[in-house]
Amino acid sequence: MRVLAAAALAAALACAAVPAAAQDSSAHVVVPHFTAEQAAAFSKQVERDLAAKGARVAMVFRAGRGRDQLPEGISYTHGAFWVYRTIRTADGQSLSGYAVYNLYAGDGKAWSRIESRLVQDYPLDFTRGSTVDDMGVIIPSPEMQRRIIAVIDSPTYAKVHNPAYSLVANPWSRKYQNCNNFMLNVIAAAVWETDDPARISADLKAHYKPTIVKANAVLRLFGPIADPRLRTDDQKGPIRTATYESLAAFMQENGLLQESYIFNYRP
Amino acid sequence: MRLPVFSILALSLLAAPAVAQDSVQEASAAGRAASEVATHLTASGVKTAVGVSAIAVGVVGSVAAVGGSAAVVGGTASLGVADSASDAARASGAAASGPLKVDDRVVVSPDPAPQVPYDTKPR
(Lines give C-alpha, C1' and ligand atoms only; values in the text may rest on other atoms or scores of the structure.)
Protein backbone atom coordinates (compact mmCIF):
# COMPACT_ATOMS: atom_id res chain seq x y z
CA MET A 1 0.00 0.00 0.00
CA ARG A 2 2.80 2.34 0.91
CA VAL A 3 4.66 1.52 -2.28
CA LEU A 4 1.54 2.13 -4.31
CA ALA A 5 0.99 5.50 -2.67
CA ALA A 6 4.58 6.52 -3.26
CA ALA A 7 4.38 5.48 -6.90
CA ALA A 8 1.21 7.49 -7.34
CA LEU A 9 2.84 10.50 -5.73
CA ALA A 10 5.91 10.21 -7.89
CA ALA A 11 3.76 10.02 -11.00
CA ALA A 12 1.75 13.03 -9.91
CA LEU A 13 4.91 15.00 -9.23
CA ALA A 14 6.31 14.15 -12.60
CA CYS A 15 3.27 15.90 -14.03
CA ALA A 16 3.51 18.70 -11.50
CA ALA A 17 7.07 19.52 -12.43
CA VAL A 18 6.05 20.42 -15.94
CA PRO A 19 3.71 23.31 -15.16
CA ALA A 20 6.41 24.74 -12.92
CA ALA A 21 8.22 25.62 -16.11
CA ALA A 22 5.21 27.36 -17.60
CA GLN A 23 6.71 30.76 -16.86
CA ASP A 24 10.17 31.70 -15.80
CA SER A 25 11.13 35.32 -15.51
CA SER A 26 14.32 34.81 -13.54
CA ALA A 27 16.60 37.80 -13.68
CA HIS A 28 19.56 37.70 -16.00
CA VAL A 29 19.13 34.13 -17.07
CA VAL A 30 21.89 33.02 -19.38
CA VAL A 31 21.84 29.63 -20.97
CA PRO A 32 24.53 28.00 -23.07
CA HIS A 33 22.30 27.44 -26.11
CA PHE A 34 23.81 30.37 -28.00
CA THR A 35 27.36 31.64 -27.93
CA ALA A 36 27.67 35.33 -27.12
CA GLU A 37 28.25 36.04 -30.83
CA GLN A 38 25.16 34.06 -31.84
CA ALA A 39 23.03 35.72 -29.17
CA ALA A 40 24.23 39.11 -30.38
CA ALA A 41 23.40 38.21 -33.98
CA PHE A 42 19.98 36.85 -33.01
CA SER A 43 19.13 39.96 -31.00
CA LYS A 44 20.08 42.19 -33.90
CA GLN A 45 18.03 40.06 -36.31
CA VAL A 46 14.94 40.49 -34.16
CA GLU A 47 15.58 44.21 -33.82
CA ARG A 48 15.92 44.67 -37.56
CA ASP A 49 12.81 42.63 -38.23
CA LEU A 50 10.78 44.78 -35.84
CA ALA A 51 12.26 47.96 -37.28
CA ALA A 52 11.43 46.88 -40.84
CA LYS A 53 7.83 46.47 -39.77
CA GLY A 54 7.82 49.93 -38.21
CA ALA A 55 7.18 48.53 -34.73
CA ARG A 56 7.74 51.13 -32.02
CA VAL A 57 6.90 48.52 -29.44
CA ALA A 58 6.50 44.76 -29.60
CA MET A 59 5.98 41.98 -27.10
CA VAL A 60 8.72 39.42 -27.54
CA PHE A 61 8.83 35.98 -25.91
CA ARG A 62 11.64 33.51 -25.34
CA ALA A 63 11.77 29.92 -24.13
CA GLY A 64 14.08 29.66 -21.15
CA ARG A 65 13.44 25.92 -20.86
CA GLY A 66 13.51 23.16 -23.41
CA ARG A 67 10.22 22.65 -25.19
CA ASP A 68 10.05 19.11 -23.85
CA GLN A 69 9.82 20.62 -20.37
CA LEU A 70 6.96 22.96 -21.16
CA PRO A 71 3.28 22.21 -20.68
CA GLU A 72 1.25 21.41 -23.76
CA GLY A 73 0.22 24.56 -25.61
CA ILE A 74 2.85 26.79 -23.98
CA SER A 75 5.89 27.65 -26.10
CA TYR A 76 7.64 30.43 -24.21
CA THR A 77 8.58 31.16 -20.60
CA HIS A 78 9.44 34.84 -20.56
CA GLY A 79 8.07 37.87 -22.34
CA ALA A 80 8.92 41.57 -22.33
CA PHE A 81 8.23 44.79 -24.17
CA TRP A 82 10.82 45.78 -26.76
CA VAL A 83 10.55 49.53 -27.21
CA TYR A 84 12.21 51.55 -29.98
CA ARG A 85 14.40 54.11 -28.27
CA THR A 86 17.28 56.47 -28.60
CA ILE A 87 19.98 54.79 -26.52
CA ARG A 88 22.63 56.85 -24.83
CA THR A 89 25.91 55.00 -24.55
CA ALA A 90 28.77 55.13 -22.07
CA ASP A 91 31.02 56.75 -24.67
CA GLY A 92 28.62 59.67 -24.99
CA GLN A 93 27.00 58.70 -28.26
CA SER A 94 23.38 58.05 -29.18
CA LEU A 95 22.15 55.17 -31.26
CA SER A 96 18.81 53.83 -32.43
CA GLY A 97 17.51 50.46 -31.38
CA TYR A 98 15.31 48.65 -28.92
CA ALA A 99 15.38 48.66 -25.13
CA VAL A 100 13.71 45.81 -23.28
CA TYR A 101 11.29 46.36 -20.41
CA ASN A 102 11.07 43.28 -18.21
CA LEU A 103 9.48 41.99 -15.08
CA TYR A 104 12.15 39.80 -13.50
CA ALA A 105 11.77 37.49 -10.55
CA GLY A 106 14.73 37.28 -8.21
CA ASP A 107 17.30 34.54 -8.37
CA GLY A 108 17.44 34.16 -4.59
CA LYS A 109 20.71 36.08 -4.43
CA ALA A 110 20.10 39.62 -5.62
CA TRP A 111 16.56 39.44 -4.30
CA SER A 112 13.89 36.92 -3.36
CA ARG A 113 12.71 34.34 -5.87
CA ILE A 114 9.10 35.16 -5.05
CA GLU A 115 9.48 38.89 -5.62
CA SER A 116 9.67 40.63 -8.98
CA ARG A 117 11.17 43.91 -10.08
CA LEU A 118 10.88 45.98 -13.22
CA VAL A 119 14.19 46.06 -15.01
CA GLN A 120 15.15 47.65 -18.29
CA ASP A 121 17.92 45.99 -20.27
CA TYR A 122 18.66 45.29 -23.93
CA PRO A 123 17.94 42.69 -26.62
CA LEU A 124 21.23 40.86 -26.05
CA ASP A 125 20.22 40.18 -22.44
CA PHE A 126 16.98 38.72 -23.75
CA THR A 127 18.40 36.40 -26.40
CA ARG A 128 21.12 35.10 -24.06
CA GLY A 129 18.37 33.48 -22.03
CA SER A 130 16.87 31.53 -24.92
CA THR A 131 17.16 27.75 -25.14
CA VAL A 132 15.66 27.53 -28.60
CA ASP A 133 16.19 29.06 -32.03
CA ASP A 134 12.98 31.07 -32.12
CA MET A 135 11.13 33.90 -30.42
CA GLY A 136 7.43 34.66 -30.31
CA VAL A 137 6.52 38.18 -31.41
CA ILE A 138 3.35 40.22 -30.97
CA ILE A 139 3.23 43.59 -32.67
CA PRO A 140 0.28 45.63 -31.42
CA SER A 141 -1.74 47.83 -33.76
CA PRO A 142 -0.25 51.30 -34.32
CA GLU A 143 -2.79 52.87 -32.00
CA MET A 144 -2.08 50.29 -29.30
CA GLN A 145 1.65 50.88 -29.75
CA ARG A 146 1.12 54.56 -29.06
CA ARG A 147 -0.92 53.81 -25.96
CA ILE A 148 1.43 51.13 -24.60
CA ILE A 149 4.45 53.38 -24.92
CA ALA A 150 2.56 56.16 -23.18
CA VAL A 151 1.84 53.76 -20.30
CA ILE A 152 5.46 52.57 -20.13
CA ASP A 153 6.60 56.18 -19.98
CA SER A 154 4.25 57.04 -17.15
CA PRO A 155 3.83 56.18 -13.45
CA THR A 156 1.05 53.81 -14.51
CA TYR A 157 3.71 51.32 -15.55
CA ALA A 158 4.90 50.86 -11.99
CA LYS A 159 1.43 51.18 -10.53
CA VAL A 160 0.10 48.11 -12.34
CA HIS A 161 3.10 46.05 -11.19
CA ASN A 162 2.53 43.60 -8.36
CA PRO A 163 5.87 42.35 -7.02
CA ALA A 164 4.37 39.18 -5.49
CA TYR A 165 5.55 36.59 -7.99
CA SER A 166 4.17 33.24 -9.03
CA LEU A 167 5.24 31.16 -12.02
CA VAL A 168 1.61 30.51 -12.85
CA ALA A 169 -0.03 33.72 -11.63
CA ASN A 170 -3.72 33.97 -12.34
CA PRO A 171 -4.42 37.03 -14.55
CA TRP A 172 -7.96 37.20 -13.17
CA SER A 173 -6.58 37.82 -9.67
CA ARG A 174 -4.30 40.52 -8.26
CA LYS A 175 -2.62 38.27 -5.71
CA TYR A 176 0.40 37.34 -7.82
CA GLN A 177 1.92 38.43 -11.10
CA ASN A 178 4.47 37.09 -13.55
CA CYS A 179 6.06 38.64 -16.63
CA ASN A 180 3.20 37.89 -19.00
CA ASN A 181 0.53 38.94 -16.50
CA PHE A 182 2.38 42.19 -16.05
CA MET A 183 2.44 42.81 -19.80
CA LEU A 184 -1.25 42.00 -19.90
CA ASN A 185 -1.84 44.60 -17.18
CA VAL A 186 0.07 47.21 -19.16
CA ILE A 187 -2.01 46.40 -22.23
CA ALA A 188 -5.18 46.62 -20.17
CA ALA A 189 -4.10 50.00 -18.77
CA ALA A 190 -3.61 51.16 -22.35
CA VAL A 191 -6.88 49.73 -23.65
CA TRP A 192 -9.13 50.97 -20.87
CA GLU A 193 -7.06 54.03 -20.07
CA THR A 194 -6.93 53.32 -16.39
CA ASP A 195 -4.25 52.89 -13.77
CA ASP A 196 -6.58 51.22 -11.29
CA PRO A 197 -5.34 47.65 -10.72
CA ALA A 198 -8.70 46.52 -9.36
CA ARG A 199 -10.52 47.76 -12.41
CA ILE A 200 -7.96 46.17 -14.69
CA SER A 201 -8.45 42.80 -12.99
CA ALA A 202 -12.22 43.10 -13.34
CA ASP A 203 -11.98 44.03 -17.01
CA LEU A 204 -9.55 41.20 -17.71
CA LYS A 205 -11.88 38.73 -16.06
CA ALA A 206 -14.64 39.93 -18.36
CA HIS A 207 -12.65 39.99 -21.59
CA TYR A 208 -9.43 37.95 -21.38
CA LYS A 209 -9.32 34.16 -21.73
CA PRO A 210 -6.22 32.85 -19.95
CA THR A 211 -4.31 29.77 -20.94
CA ILE A 212 -5.35 26.74 -18.91
CA VAL A 213 -2.32 24.88 -17.57
CA LYS A 214 -2.89 21.18 -17.25
CA ALA A 215 -2.23 20.17 -13.69
CA ASN A 216 -3.86 18.28 -10.88
CA ALA A 217 -4.61 18.65 -7.22
CA VAL A 218 -1.23 17.28 -6.18
CA LEU A 219 0.47 20.19 -7.94
CA ARG A 220 -1.56 22.63 -5.91
CA LEU A 221 -0.91 20.73 -2.72
CA PHE A 222 2.80 20.11 -3.12
CA GLY A 223 3.89 22.78 -5.55
CA PRO A 224 5.20 25.19 -2.89
CA ILE A 225 7.53 22.45 -1.69
CA ALA A 226 8.87 21.78 -5.15
CA ASP A 227 9.44 25.44 -6.07
CA PRO A 228 8.60 28.47 -3.93
CA ARG A 229 7.64 30.38 -7.06
CA LEU A 230 4.92 27.88 -7.84
CA ARG A 231 2.17 29.51 -5.84
CA THR A 232 -1.34 28.52 -6.80
CA ASP A 233 -3.54 29.77 -3.99
CA ASP A 234 -4.80 32.51 -6.32
CA GLN A 235 -6.37 29.85 -8.53
CA LYS A 236 -9.90 28.53 -8.27
CA GLY A 237 -10.57 25.55 -10.47
CA PRO A 238 -8.11 25.03 -13.32
CA ILE A 239 -4.78 26.82 -13.27
CA ARG A 240 -5.00 29.90 -15.46
CA THR A 241 -2.14 32.09 -16.57
CA ALA A 242 -1.14 34.45 -19.36
CA THR A 243 1.00 33.16 -22.22
CA TYR A 244 2.18 34.25 -25.64
CA GLU A 245 -0.61 32.17 -27.09
CA SER A 246 -3.48 33.65 -25.07
CA LEU A 247 -2.10 37.20 -25.29
CA ALA A 248 -1.89 36.97 -29.08
CA ALA A 249 -5.42 35.55 -29.24
CA PHE A 250 -6.77 38.29 -26.98
CA MET A 251 -5.22 41.01 -29.09
CA GLN A 252 -6.30 39.39 -32.36
CA GLU A 253 -9.91 38.90 -31.25
CA ASN A 254 -10.23 42.48 -30.08
CA GLY A 255 -8.61 44.37 -32.92
CA LEU A 256 -5.51 45.29 -30.93
CA LEU A 257 -3.04 43.45 -33.10
CA GLN A 258 -0.91 44.33 -36.09
CA GLU A 259 0.54 40.83 -36.36
CA SER A 260 1.93 37.93 -34.34
CA TYR A 261 4.47 35.43 -35.57
CA ILE A 262 7.39 33.21 -34.73
CA PHE A 263 10.80 34.63 -35.58
CA ASN A 264 13.49 32.05 -36.31
CA TYR A 265 17.21 32.56 -35.77
CA ARG A 266 19.17 32.75 -39.02
CA PRO A 267 22.69 31.34 -38.50
CA MET B 1 2.06 7.94 9.45
CA ARG B 2 5.34 7.27 7.75
CA LEU B 3 3.90 8.13 4.38
CA PRO B 4 4.02 11.93 4.79
CA VAL B 5 7.68 11.80 5.76
CA PHE B 6 8.42 9.60 2.81
CA SER B 7 6.37 11.89 0.60
CA ILE B 8 8.29 14.98 1.62
CA LEU B 9 11.55 13.17 1.01
CA ALA B 10 10.36 12.08 -2.40
CA LEU B 11 9.24 15.61 -3.19
CA SER B 12 12.58 17.05 -2.24
CA LEU B 13 14.39 14.62 -4.49
CA LEU B 14 12.04 15.12 -7.38
CA ALA B 15 12.06 18.87 -7.03
CA ALA B 16 15.82 19.05 -7.21
CA PRO B 17 16.21 18.91 -10.99
CA ALA B 18 14.06 21.98 -11.57
CA VAL B 19 16.01 24.02 -9.06
CA ALA B 20 19.32 22.61 -10.19
CA GLN B 21 18.58 23.63 -13.73
CA ASP B 22 18.37 27.27 -12.76
CA SER B 23 21.63 26.99 -10.83
CA VAL B 24 23.33 25.34 -13.78
CA GLN B 25 22.19 28.15 -16.02
CA GLU B 26 23.58 30.81 -13.76
CA ALA B 27 26.85 28.98 -13.24
CA SER B 28 27.40 28.31 -16.90
CA ALA B 29 30.36 29.72 -18.71
CA ALA B 30 27.97 31.80 -20.74
CA GLY B 31 26.81 33.54 -17.59
CA ARG B 32 29.56 36.07 -17.51
CA ALA B 33 28.94 39.67 -16.53
CA ALA B 34 27.83 41.99 -19.27
CA SER B 35 31.15 43.81 -19.28
CA GLU B 36 32.97 40.57 -19.88
CA VAL B 37 30.59 39.73 -22.69
CA ALA B 38 31.23 43.13 -24.25
CA THR B 39 34.96 42.50 -24.14
CA HIS B 40 34.48 39.06 -25.63
CA LEU B 41 32.24 40.33 -28.41
CA THR B 42 34.59 43.16 -29.25
CA ALA B 43 37.47 40.71 -29.47
CA SER B 44 35.34 38.68 -31.88
CA GLY B 45 34.80 41.67 -34.12
CA VAL B 46 31.29 42.50 -32.96
CA LYS B 47 30.73 46.22 -32.47
CA THR B 48 29.33 46.91 -29.01
CA ALA B 49 28.31 49.84 -26.87
CA VAL B 50 27.38 50.00 -23.21
CA GLY B 51 23.88 51.38 -22.90
CA VAL B 52 23.51 54.03 -20.24
CA SER B 53 19.90 55.07 -20.78
CA ALA B 54 17.06 54.58 -23.20
CA ILE B 55 14.98 57.60 -23.98
CA ALA B 56 11.79 58.12 -25.93
CA VAL B 57 12.25 58.84 -29.59
CA GLY B 58 11.08 62.26 -30.68
CA VAL B 59 9.85 63.38 -27.31
CA VAL B 60 9.96 67.08 -26.69
CA GLY B 61 9.31 68.22 -23.18
CA SER B 62 7.78 66.06 -20.51
CA VAL B 63 6.31 62.66 -21.22
CA ALA B 64 2.56 62.53 -20.97
CA ALA B 65 0.90 59.74 -19.07
CA VAL B 66 -2.01 57.55 -19.86
CA GLY B 67 -3.87 56.63 -16.74
CA GLY B 68 -4.53 58.51 -13.57
CA SER B 69 -7.95 59.53 -12.51
CA ALA B 70 -8.34 62.15 -15.21
CA ALA B 71 -7.88 59.61 -17.95
CA VAL B 72 -10.14 56.92 -16.59
CA VAL B 73 -13.09 56.18 -18.77
CA GLY B 74 -16.14 55.77 -16.63
CA GLY B 75 -19.05 53.42 -17.01
CA THR B 76 -19.13 49.89 -18.28
CA ALA B 77 -15.85 48.53 -19.55
CA SER B 78 -15.69 48.18 -23.26
CA LEU B 79 -12.97 46.69 -25.35
CA GLY B 80 -11.33 48.08 -28.40
CA VAL B 81 -9.32 51.14 -29.09
CA ALA B 82 -11.25 54.16 -30.20
CA ASP B 83 -10.40 55.84 -33.47
CA SER B 84 -9.55 59.03 -31.69
CA ALA B 85 -6.31 58.35 -29.91
CA SER B 86 -5.74 60.07 -26.65
CA ASP B 87 -3.64 63.19 -26.69
CA ALA B 88 -1.45 61.64 -24.03
CA ALA B 89 -0.68 58.68 -26.23
CA ARG B 90 0.10 60.90 -29.18
CA ALA B 91 2.44 62.91 -27.01
CA SER B 92 4.56 59.83 -26.49
CA GLY B 93 5.90 60.38 -29.97
CA ALA B 94 5.11 56.83 -30.99
CA ALA B 95 3.90 57.31 -34.51
CA ALA B 96 4.22 53.88 -36.09
CA SER B 97 5.00 54.90 -39.63
CA GLY B 98 7.43 53.20 -41.93
CA PRO B 99 10.65 51.31 -41.33
CA LEU B 100 12.87 52.36 -38.49
CA LYS B 101 16.63 52.52 -38.30
CA VAL B 102 18.59 50.18 -36.06
CA ASP B 103 22.25 50.78 -35.29
CA ASP B 104 24.75 48.00 -36.04
CA ARG B 105 26.25 48.17 -32.59
CA VAL B 106 25.08 45.62 -30.06
CA VAL B 107 24.07 47.31 -26.85
CA VAL B 108 25.38 45.72 -23.68
CA SER B 109 23.87 46.43 -20.28
CA PRO B 110 25.95 48.17 -17.67
CA ASP B 111 26.73 46.23 -14.49
CA PRO B 112 24.43 46.21 -12.70
CA ALA B 113 21.48 46.70 -15.02
CA PRO B 114 19.41 49.77 -14.21
CA GLN B 115 16.28 49.12 -12.21
CA VAL B 116 14.50 52.29 -13.16
CA PRO B 117 11.99 51.16 -15.77
CA TYR B 118 11.02 54.44 -17.33
CA ASP B 119 14.06 56.62 -17.50
CA THR B 120 12.84 58.10 -20.73
CA LYS B 121 13.03 61.84 -20.42
CA PRO B 122 15.52 63.68 -22.62
CA ARG B 123 18.51 65.04 -20.76
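Chain B has three helices and two strands, where helices are DSSP runs of H or I of at least four residues and strands are E runs of at least two, numbered from the N terminus. Read from the N terminus, the order in chain B is α-α-β-α-β.

Some housekeeping. This is a predicted model, in which local features need pLDDT of at least 70 and side-chain atom pairs count only at pLDDT 80 or more, while totals for chains, interfaces and linings use all residues. Residues are numbered from 1 along each chain as its sequence is written, and chains are lettered from A and ligands numbered from 1 in the order in which they are written.

Of the 123 residues in chain B, 29% are buried. Buried is 20 or more other C-beta atoms within 10 Å of a residue's own, exposed is 12 or fewer, and partly exposed is in between, with C-beta atoms placed from the backbone.

Take Ser35(B), in helix α2, residues 34-43 of chain B. Ser35(B) has 13 other C-beta atoms within 10 Å, so it is partly exposed. Its C-alpha atom is 14 Å from that of Val46(B), eleven residues apart along the chain.

Now chain A. Helix α6 (residues 179-192) and helix α7 (residues 197-207) of chain A pack at about 95°, with axes 10 Å apart. Axes are lines fitted to C-alpha atoms, for helices over the stretch in contact, and angles run from 0 to 180 degrees between N-to-C directions. α6(A) and α7(A) are therefore roughly perpendicular; that term covers 65 to 115 degrees.

Methods. Parallel < 35°, antiparallel > 145°, perpendicular 65-115°, else oblique.
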